[in-house]
Amino acid sequence: MSDLEDMFEPNEPISAAAAPSNDPSDDVPVLTLPAGSRRAPRLSGRASEMFHGMWASIFYSGRTTGKTVLLTSAARREGVSTIACGLALTDTDVEGGPRVALVDFNLRNPAIHRMLGLREGPGLVEALADGLSPAEAAQKINRNLDVFTVGAIGSRSLEVLRSDAVEKFFAQLDELYDQVLVDSAAANHYPDAQVLAGVLKEVVLVVHSDLTPREAVAQAKKRIEAGGGRVVGLVLNMRTFPIPNFLYRIV
Amino acid sequence: MADTYTSRTLRELLRIVASRFLGMVILFAVIVGAVTAASLYAPKWYRSEVQLMATPARVSNPLAGPSTSQHEQVTLFVMTQREILFSESVLGAALLMLEKPQYAPQADGSRSARFQLPAGLRKELPDFIAANTDKIRRLKDRLSVVTPGGPDAAFTQTFKVVVDWPETRQNGDGDRAQRRRRAAEQCRQLADYIVAAYLARYQQLEAQRTEAARKFLEKKSLAEAEKRVEEAKAALEAEAATLGADLLPVASIVGKQGIDSGVARLVTELESSISTVEARLAELTALRRAVERQLKEPEQLAVPDEIASSSPVIAELLKRIAQLEMKISGLTPKFTDEYQELQTTRSELRNARLDLIRELQRQLRRLDDSIAVKEAEKAHLTARLAKFTRDMQRIGPQAIRYSRLQEALQAAIDHYNQQEKDYLESVRAESLAQDPVLVSVVDSASRPDPDRPRRPILWLNILIACISGLVLSLVYAFLADHFDHTIKSVDEAERYLGAPVVASVPKMGRHILQMQ
């Protein structure tokens with residue numbers, strides 16, 4: 001049971017052209033490298049295999065029809081943002097891989113910028129409410145992956161969810177990228193996922209295996225479907241296997 | 001949940017046990033540990049037993065009474081001995097003897113048949129009982145009476161008194177061995193004292209019972225009751241003689257109701273019977289007159305209904321006459337007077353009419369007889385009424401005396417019956433007293449070994465605790481799993497949520513992400 005840090009191994013620094021920080025005195029977490037150089041996160045071998053499988057079964061198995069997928073969960077702290085990051089980092093550093101956009105639409109508890117070591121900077125909220133273009137709001141992690149952090153939410157969460165701005169934004173992303181992954185807040189606690197499900201239509205539900213009661217997950221599924229979306233798949237997170245492996249063959 | 005209930009595979013069962021293994025182990029350890037600790041630290045106790053036997057003094061005479069057979073004596077006997085043994089006086093006396101050895105019986109004193117509690121002990125006993133009720137109650141818990149065949153054994157001659165005395169710490173100072181010896185000795189002594197106190201109490205109760213019976217017999221009240229009955233009877237008969245036979249029923253009614261109302265009732269009764277007789281008389285005379293009138297005019301047949309119904313001959317004759325007349329009236333328009341049938345019919349009619357007249361005369365004579373009888377009856381009743389009203393004054397107080405004597409006689413008879421019953425009871429009690437059930441001590445109290453007190457069986461308790469711990473922890477595991485609604489496998493997710501599982505991500509440690 002390796003630590004999650006093994007999943008993301010710091011790599012050689014690359015000199016990536018990142019949008020400059022608006023305020024140089026921002027308390028940017030964990031970045032102590034000189035400006036302009038940043039270590040790109042990478043998945044460890046085991047995790048990478050797993051996320052490869054997940055990627056293939058979501059996108060290459062004929063379950064999805066579009067390019068965009070919404071990732072959400074029933075309750076809080078089920079590991080959606082981690083799964084989103086992991087999924088986004090799969091296959092993105094190779095030549096000829098798909099161009100992927102990771103959008104952090106978790107307005108309540110945004111975590112992607114922390115996980116990937118990005119600045120909070122101009123992001124989603126600015127792109128939706130202030131009309132910033134996607135090219136300006138994105139932050140490039142590696143060759144194929146662009147990340148839209150959440151930006152400065154303030155008290156503008158409702159304003160952000162207004163559907164015409166959201167639709168326009170995702171239409172733009174649809175043209176620019178091959179796959180779009182959207183991370184959002186818990187479906188049972190906040191309305192974000194329900195609203196976004198109506199716009200994005202395809203939802204992957206992440207379930208914490210031994211913690212979330214099945215009724216809560218069923219309710220989340222119902223909310224998504226009420227919003228107009230469709231649950232294309234479930235991800236069972238944090239699985240534990242109490243029986244030793246060799247017994248699986250015998251018993 | 002029912003539709004997601006898969007059939008349990010072995011893997012499922014193992015998963016359930018494995019995933020809650022820690023909880024099961026804790027539960028098991030708690031149960032076994034608690035039971036072991038309880039068994040190890042449970043108080044130990046000493047046991048002392050006294051064997052007693054109940055025997056009748058000699059074979060009783062089966063003719064002495066229906067319920068004094070030996071079998072019944074001993075049967076009821078054992079059940080009541082329990083009560084005596086557990087009574088406060090016996091237990092209190094035993095405890096008092098334990099506390100104050102000067103009252104204790106001597107070495108073989110408890111075996112003698114006439115053991116009595118010392119006077120000093122008897123004096124102190126009530127206060128002691130009042131002051132030490134909880135000690136006595138605890139002693140009751142430690143005492144048991146064992147009969148072979150169980151506590152409801154109907155017939156037993158031997159029984160055991162068993163005392164379980166704890167190996168307490170408050171036995172005074174001294175080292176452990178000394179304390180234990182003292183506790184064992186106390187146990188034995190207590191058993192002896194309880195038996196001694198019980199025997200004393202038993203004899204005391206027996207003596208009380210025979211005393212009461214004897215006193216009763218001395219009073220000779222049965223003969224007295226009999227005499228009283230005789231006296232009452234004689235007085236009643238004397239009174240009856242003075243009244244006279246015909247006034248006896250009258251007197252009893254008058255006596256019951258009191259002079260005025262009784263007399264009035266009797267007078268009204270007589271008068272009503274007189275009036276009934278008169279009414280009947282009037283009826284009969286009217287009837288007679290009707291019959292006479294009928295006889296004077298034979299052509300007009302109007303026989304009163306009562307006569308016709310009381311004499312079947314007349315009724316038949318009337319019917320015949322009617323038939324003949326009808327026949328004649330049927331024949332006359334058709335034929336002349338010389339017609340043979342008409343003539344015979346006419347002669348028959350004439351004969352019938354003559355018969356009727358004769359019958360009516362006979363009835364007349366009968367009516368005369370009845371009238372005479374009724375007149376005689378009426379005269380008799382009026383004479384009685386006259387006599388009664390004459391003698392009324394004289395009868396009154398006599399009648400009351402009579403009825404009072406009757407009541408006195410009845411009371412004397414009841415009293416005699418009661419005395420007879422009591423007499424039989426005391427005769428029986430006395431015969432029982434001459435033939436008592438003796439309780440004797442077969443073995444004096446057994447001496448418990450101070451080094452080996454009785455203790456709970458450790459290995460058995462631990463075994464039971466292990467088995468039940470295992471069972472309970474399994475119950476916990478399966479119950480906890482039954483009520484656990486989280487999603488644990490891909491199959492469950494697909495079954496319950498209906499959406500395909502895209503990936504299964506194993507747990508990978510805490511969510512810490514460092515970029516260095």
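Author: Happy to. Keep in mind that this is a predicted model. Let's start with B:Leu190, which touches B:Ala94, B:Leu95, B:Leu98, B:Leu139, B:Val163 and B:Trp165, leaving aside residues up to four places away in sequence. B:Leu190 belongs to the largest nonpolar core, which has 47 residues. Together with B:Leu52, B:Ile194 and B:Tyr198, B:Leu190 is among those that touch the most other members. Helix H7 (residues 176-219) of chain B gives this core its largest share, 13 residues. Apart from it lies another core, of 44 residues, including A:Val103 and A:Leu173.

B:Arg188 is buried, at a relative accessible area of 16%, whereas B:Glu185 is partly exposed, at 28%. Through shared partners, salt bridges join B:Glu185 and B:Arg188 with B:Asp192 and B:Arg447 in one network.

For another charged group, turn to B:Arg15, whose side chain meets that of B:Glu12 in a salt bridge (3.5 Å, N to O). These two are 3 residues apart in helix H1 (residues 10-19) of chain B, so they too sit about one helical turn from each other. B:Arg15 also forms a salt bridge with B:Asp481, with the closest N and O atoms 3.4 Å apart. That pair links distant parts of the chain, 466 residues apart, with B:Asp481 in helix H14 (residues 458-482) of chain B. Both B:Asp481 and B:Arg15 are buried, and B:Glu12 is buried as well.

Notes: Residues numbered from 1 in each chain as written. Chains lettered and ligands numbered in written order. Predicted model: local features only at pLDDT ≥ 70, side-chain atom pairs only at ≥ 80, totals over all residues. Heavy atoms only, no water. Core = buried A, V, L, I, M, F, W, Y, C linked by side-chain atoms within 4.5 Å. Buried < 20%, exposed > 50% of the residue type's maximum accessible area, 1.4 Å probe, protein only. Helix = DSSP H or I, 4+ residues; strand = E, 2+ residues; numbered from the N terminus. Contact = heavy atoms within 4.5 Å. Salt bridge = Lys/Arg side-chain N within 4 Å of Asp/Glu carboxyl O.
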